Amino acid sequence: MSLDTSQAGTRRERLTAHEALQRLEHERSSRLLQLRALGEVAAGGEEQVMSAQKDTVKRVLGEVEDAVARVRDGSYGVCRNCSEAIPVERLEILPHTPFCVPCQRNAA
């Protein structure tokens, strides 16, 4: 399983499922707040800019939901492309990412 509490020296290599879910819930809450704020600003702002921002936030929310599903099915923290473990530092910064850095670069 990709989530555990094993340690390599003093550096952790994995997030626990609980830690991953906490980070993802924080990410979800932040994005929902952004959507609400964009909705309030949209009434007086430029529609195209607000629409693009809303689309981006909605896309990230979908990625967060996908990550929650990966936690539940045990595939969280494993790169979808190369099947290697995603470093815990990357998951701490971008908890919804499905790719390791090299695979993300190749996809871009």
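## A pair on one helix

How many residues apart are Arg59 and Glu63 in helix α2? They are 4 residues apart, so about one helical turn separates them. This comes from a predicted model. The side chains of Arg59 and Glu63 meet in a salt bridge, with N and O 2.8 Å apart. Arg59 is partly exposed, at 48% relative accessibility. Glu63 is partly exposed too, with a relative accessible area of 25%.

The structure holds 5 salt bridges. One of them joins Arg23 and Glu92, whose closest N and O atoms are 3.8 Å apart. Arg23 lies in helix α1 and Glu92 in helix α3, so this pair ties together parts that are 69 residues apart in sequence. Arg23 is partly exposed, with a relative accessible area of 30%. Glu92 is partly exposed as well, at 35%.

Glu65 and Arg28 form another salt bridge, at 2.7 Å from N to O. Glu65 belongs to helix α2 and Arg28 to helix α1, so the link spans 37 residues of sequence. Glu65 is partly exposed, with a relative accessible area of 38%. A network of salt bridges links Glu25, Arg28 and Glu65. Side chains of opposite charge can pair when their charged atoms come close.

## Arg28: buried or exposed?

Arg28 sits in helix α1. Its relative accessible area is 18%. Buried means under 20%, so Arg28 counts as buried. Which residues does Arg28 touch, leaving aside its neighbours within four places in sequence? They are Leu61, Val64, Glu65 and Val68.

## The largest nonpolar core

The largest nonpolar core has 15 residues. Those with the most contacts inside it are Leu15, Leu24, Val71, Tyr76, Cys79 and Leu91. Helices α1 (17-42), α2 (47-73) and α3 (88-93) each give two or more residues to this core. The largest share comes from α2, with 5 residues. In soluble globular proteins, nonpolar side chains tend to be buried together.

Take Leu24 as an example. Leaving aside its neighbours within four places in sequence, Leu24 is in contact with Val64, Ala67, Val68, Val71, Tyr76, Pro95 and His96.

Met50 lies in helix α2. It is buried, with a relative accessible area of 11%. Met50 and Leu35 are 15 residues apart in sequence. In space, their C-alpha atoms are 9.7 Å apart.

Definitions and conventions. Residues numbered from 1 in each chain as written. Predicted model: local features only at pLDDT ≥ 70, side-chain atom pairs only at ≥ 80, totals over all residues. Heavy atoms only, no water. Core = buried A, V, L, I, M, F, W, Y, C linked by side-chain atoms within 4.5 Å. Buried < 20%, exposed > 50% of the residue type's maximum accessible area, 1.4 Å probe, protein only. Contact = heavy atoms within 4.5 Å. Salt bridge = Lys/Arg side-chain N within 4 Å of Asp/Glu carboxyl O.
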